[in-house]
Amino acid sequence: MFALTLRRQLHRSLPPLTRGLAQLTQTDIDHFLTLLPPSSVRASLAPGTSTPADLEGYNTDWMGKYIGGSRCVLTPKTTEEVSKAMGYCFERGLGVVPQGGNTGLVGGGTPTGEDQVVISLSQMNRIRSFNPSSGVLTADAGCVLQSLATFLASEGYTMPLDLGAKGSCQIGGNISTNAGGLRMVRYGSLHANVLGLEVVMPDGRVLNGLRGLRKDNTGYHLQHLFVGAEGTLGVVTGVSLLTPVLSPSVNLALLRLPDYAAVLRVFGKLKHSLGEILSAVEYFDETAWAVVSGDGAQGEEVERQVFGAEHVPKGVNMLIETSGSVAEHDEAKLSSLLEELLEGPDVLTGSLAQDETQLARMWELREGIAEACGKAGKVYKYDVSVPIQEWQNVLDTLRARAKKSGGRIERVVGFGHIGDGNLHINVVCGAYGKEVEQLLEPFMFELVASKNGSISAEHGLGVQKAKYIGYSKTPLEVELMRSIKHAFDLKGIMNPGKVILPASEVVH
Amino acid sequence: MRPSPRSLIRILVPVKRCVDYAVKIRVNAQQTGIDTNVKHSMNPFDEIAVEEAVRLRQKFTSKIEQVTAISIGTAKSQETLRTALAMGADTALHVEVPESGSETLEPLSVAKVLRAVVAKKGPFDLVILGKQAIDDDYGQTGQMLAGLLGWGQATYASGVELDLDKGWADVTREVDEGSELVRVRLPAVITTDLRLNQPRYASLPNIMKAKKKPLEKLTPQDLGVDITPQLEILKVEEPKKRVGGQKVKDVDELVEKLKEAGVLPGV
């Protein structure tokens, strides 16, 4: 098929420049230098003095899978600078790629052509204000998630989302991808917590929606279109976010269960017994344990320490976190549930974190899986929403398929946010290659579609999955999305080649 | 006269509830101490002590009669004792101290209480505790206790080899120059250093079992110990913030800067 032939090489050669966009010229660089201070303009095209190596970080994604060739990166410090830059690019018809922490997993944050201009929000990292009685935080889009969490902690609040990339990802990027993360089961998605956005439109006009109001039913709720739009409708420059109170009492339990069927039964009980204090429920199977703590003896050593036992039975794992206001109450609820579970056949053993260090170490076992897979080889990532009853079925089906790879597929690692039905599958190979890719895609997408699931639960479509949108959305839905894209971005300059593609480029 | 080696060994493990290792320590507003309105957990060096005692229990099985955890502190210290029980200690003792008294509890007072416990609840053959608490860093309790008891001591242990037949322990100590091997006869006090072991986490089955393990409550009065502090803390303040350094381009500039700073002798 036409779309698949594009993805042949080891270093992905990306889709051709979207028709109608301008070529970057020296005049453009000159102009950017009149709009922004020289330190905010990095160009490898004269009169810029950067080398391609200087721009490599902006041109390469976190996985090293998507490599762009942009020759101009702007790092504005204010919304006004973003507005002026966008206005100029719109006038010229230059493609623009908004970029946050560059931790995206579907190639949505890196350029697809050498004439595209990267606008990095990294220098826009001020916390604008915080209201301690309402918990409403107003911040620049370039604020790193972890630094916002640290600031909020000093006020007795916390961010409503948390993910492994917290040390690098920025809130603007989180919003643009509608990042889910570990605490969605408790605090809901960004759609629930974003009260307003400040967005620079493709034509440079500034949309100021930062009212910070909990309730405002005066017309269409535009901010929701930008949440999850992956930078294709405008550049998010500021956010008004509702933040929850930081719970003083946090408990983390690690459980070892015999098989996935037991996991489902335990999950059912969790919701009833711990309902209001449950703040995270994560699943990771034996393959995930092996990749993150080591194969064989090394992994067993970690098991002994973390489960606090000489002999730890083999099986799958769950991490359960509770967050509440009164320690004694939470401990009583958790304790009585765990006692009941231990007496039954569903939980073989487990442990409870006794201090902050142990808490962090247990989380590392789950949060470190993606990185461990990346170190173990080249990874094909699948991030899907399917009913939790289907998870084992999906993994088994994929593993059976993987046997046909002639050894190219080394591991199929399964883990996910069982609390919200989001399964992650990391297929680890020795190298990226056409044979493996064709074995996996569109097989995976067809499998997910057959379960009426989503082919991208939280990572987004970016470049990687844009052409497969048809597996999760109907033609009418895609048609309406195209109208919105056209209405907001008349010249198609916002993040070209991502998310919403022309009909001819989508796989049906 | 040295007591002859006993056939069944009893181990006492003092554990302290202190500010959690991951919490950033801040001086309180009155400058009388640190802000204690933060997460607390078992002193990490004491965790290592509990782990060592439990490992000895597992290695010597029937030769070790019991491992007793003890904590001197407010009611909240019971959480720490429960962790020790969940790690494998057999029994726990809580010497309760009122809230006001706990802030001024000194190593000497703790050592006196432990001496009284050894006398009243003993005999004990081995007392293993952390080399220091991470909130006050005194590092004195183990040594003072050994002195009060008249026992041998092996501090900063990074390795412990117990020979119950001979009645001694070969302890590798962490010292500035490297490590030192000492042989100390039982009964003895051993204080633990970081490299001794990696403490296990509290397993759920053990946490459940721990609920049924005995936890006895005492007061310093019951033991006839006066814990009135001998020291008065006058002031606690944070160290001065480090000022940024400077790069110099060559030796001449270095010498000039050193002269300016007035640190060259005779200049």
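How much area do chain A and chain B bury between them? In this predicted model, the two chains bury about 1,900 Å² between them, and 55% of that area lies on carbon and sulfur atoms.

## The interface between chains A and B

The size of an interface is often given as the accessible area lost when the parts come together. On the side of chain A, Q305(A), Q354(A) and E356(A) supply 30% of the area that this chain buries against chain B, more than any other three residues. In terms of contacts, 22 residues of chain A meet 20 residues of chain B.

Two salt bridges are counted between chain A and chain B. A salt bridge joins the side chains of K211(B) and E339(A), with a distance of 3.4 Å from N to O. The interface also holds 10 residue pairs in polar contact. Four elements of chain A each supply at least two residues of the side that touches chain B: α11 (296-307), α12 (327-343), β13 (349-352) and α13 (356-367). Of the elements of chain A, α13(A) gives the most to this side, with five residues. Sorted by class, the side of chain A that touches chain B has eight nonpolar, nine polar and five charged residues.

## A sheet built from both chains

Strands of a sheet pair through backbone hydrogen bonds, either parallel or antiparallel. Here, eight strands form an open sheet with antiparallel pairing, in the order β14(A)-β16(A)-β15(A)-β11(A)-β12(A)-β10(A)-β13(A)-β11(B). The strands β14 (378-385) of chain A and β11 of chain B stand at the edges with a single partner strand each, so one side of each is left without a neighbour in the sheet.

## Links within each chain

Over all chains, the structure holds 40 salt bridges. One of them joins the side chains of R128(A) and E198(A), at 3.0 Å from N to O. This pair links distant parts of the chain, 70 residues apart: R128(A) belongs to strand β5 (residues 127-131) and E198(A) to strand β7 (residues 194-200) of chain A.

In chain B, P44(B) is placed in helix α1 (residues 44-60). P44(B) and P199(B) are 155 residues apart in sequence, yet their C-alpha atoms are 8.8 Å apart in space. Leaving aside residues up to four places away in sequence, P44(B) touches Y21(B) and I134(B).

## Backbone exceptions

Most residues other than glycine have a negative phi, and most peptide bonds are trans. In chain A, the peptide bond from A46(A) to P47(A) is cis, with omega near 5°. P47(A) is in the loop between β1 (41-43) and α2 (52-59) of chain A.

In chain B, the peptide bond from L186(B) to P187(B) is cis, with omega near 0°. The loop between β9 (178-185) and β10 (188-192) of chain B contains P187(B). D137(B), a residue other than glycine, has a positive phi, near 60°; its place is in the loop between β6 (126-130) and α5 (141-149) of chain B.

Note on methods
Residues numbered from 1 in each chain as written. Chains lettered and ligands numbered in written order. Predicted model: local features only at pLDDT ≥ 70, side-chain atom pairs only at ≥ 80, totals over all residues. Heavy atoms only, no water. Contact = heavy atoms within 4.5 Å. Buried area = accessible area lost by both parts, 1.4 Å probe. Salt bridge = Lys/Arg side-chain N within 4 Å of Asp/Glu carboxyl O. Polar contact = N/O pair within 3.5 Å; in protein donor to acceptor, adjacent residues only side chain to side chain. Nonpolar A, V, L, I, M, F, W, Y, C, P; charged D, E, K, R; others polar. Pairing = 2+ DSSP bridges.
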